Amino acid sequence: MKRTAIITGGSRGIGAATARLAAREGYDVCISYASDQVAAKSVVDDCRAIGVNAIHVQADVADPAQVRDLFSRCDEELGGVTLLVNNAGIIGQASRLAELGDDVLKRTFAVNVFGSIYCSQEAIARMAKSAGGAGGSIVNISSIAATLGSPGEYIHYASSKGAVETLTIGLAKEVGAEGIRVNAIRAGTTDTDIHATSGNPDRPAAYAKAAPLGRVGKPDDIAEAVVWLASDKASFTTGAVLSVAGGV
Ligand code: NAP
């Protein structure tokens, strides 16, 4: 069966590693990105060099119209999606909750939670057996922050990832009969740009010290888990939240 993956936020970090690994596994790949077109094109070039079809689409996941365009582009240029990875996410600037700005709060939930919901709605419309689809898989990228709570810096972000995990559990039950599996990865701190861009470049080093495995994650650590959850090897796994966090 032809397999086509939409990976949101596939231009950098965990999403880029997932796109490249999905390509090596034989998926055609559609990545979305927010603004870094150069990075997005480089990931697409890598996927094409592997031998699959690949496209990049600029689409803010927080905007339902842009999400609709993203899925339409994938329909037209690659065919219907069979794997959705809800990876696009932001932390927002560190802040104690009492001082948290409304703009950061709203944007964090708009991207991390609403974006995952908008993309899931579009994916289900194409995958659901009752709509003529062939089933599929959705993998949501949560964070260990959902269980730690991130006091003093990122409670808004941790809360948004808690919502992503609840979305995973509910949606898995709702669409299991449609042939769609829904799972999440609870990722530990991973070596990507997200820490520096949110004003906390020292976070990975501090996490590595506290982690039982003594290191932060690599984007490929998370990508491997995504591809396994999406595969037929995980055909009896749905509604699961898999911790990939070095033991934290
Ligand atoms: P990253 O390196 O900052 O990359 C973020 C990606 O998301 C980029 O491709 C970015 O596009 C895209 N993006 C951001 N806002 C978007 C929007 N509104 N619409 C569409 N795309 C958007 O982040 P990362 O560390 O790989 O994180 C990926 C996911 O893993 C996130 O959900 C994050 O919460 C989660 N996570 C990360 C860690 C960690 O330690 N890194 C730990 C746990 C969970 P541009 O390139 O165009 O900016």
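Which side chain has an N or O atom 2.9 Å from an oxygen atom of the ligand? Colleagues, that side chain belongs to His 195. The pair is a polar contact, defined as N or O atoms within 3.5 Å; within protein, one must be able to donate a hydrogen and the other to accept it, and residues adjacent in sequence count only if both atoms are side-chain atoms.

Before I continue, please note that this is a predicted model, in which local features need pLDDT of at least 70 and side-chain atom pairs count only at pLDDT 80 or more, while totals for chains, interfaces and linings use all residues. Residues are numbered from 1 along each chain as its sequence is written, and side-chain values use heavy atoms, with hydrogens and water left out.

A backbone N or O atom of Asp 36 lies 2.7 Å from a ligand oxygen, and a backbone N or O atom of Ala 59 lies 3.4 Å from a ligand nitrogen. Taken alone, the ligand exposes 900 Å², of which the protein buries 95%; these areas come from the Shrake-Rupley method with a 1.4 Å probe, and for residues only the protein chains shown count as cover.

I turn now to helix α3. Helices (H or I, at least four residues) and strands (E, at least two) are DSSP runs, numbered from the N terminus. Helix α3 covers residues 64–77. At its start, a side-chain oxygen of Asp 63 reaches to within 2.9 Å of the backbone nitrogen of Ala 65. Just after the helix, Gly 79 takes a positive phi of about 105 degrees.

Which residues of α3 are buried? They are Val 67, Leu 70, Phe 71 and Cys 74, where buried means under 20% relative accessible area, exposed over 50%, and partly exposed in between (1.4 Å probe, protein chains only). These residues lie on the same side of α3 because they cover an arc of only 85 degrees around the axis, taken from the directions from the helix axis to the C-beta atoms. They pack against β1, β2, β3, β4 and α4.

Finally, consider two loop residues. Val 81, in the loop between α3 and β4, is buried, with a relative accessible area of 4%. Beyond its neighbours within four places in sequence, Val 81 is in contact (heavy atoms within 4.5 Å) with residues including Phe 71 and Met 127. Ala 134, in the loop between α4 and β5, is exposed, at 56%. With neighbours within four places likewise set aside, Ala 134 contacts Met 1 and Met 127.

Conventions: The expected span of a helix is 1.5 Å times one less than its number of residues.
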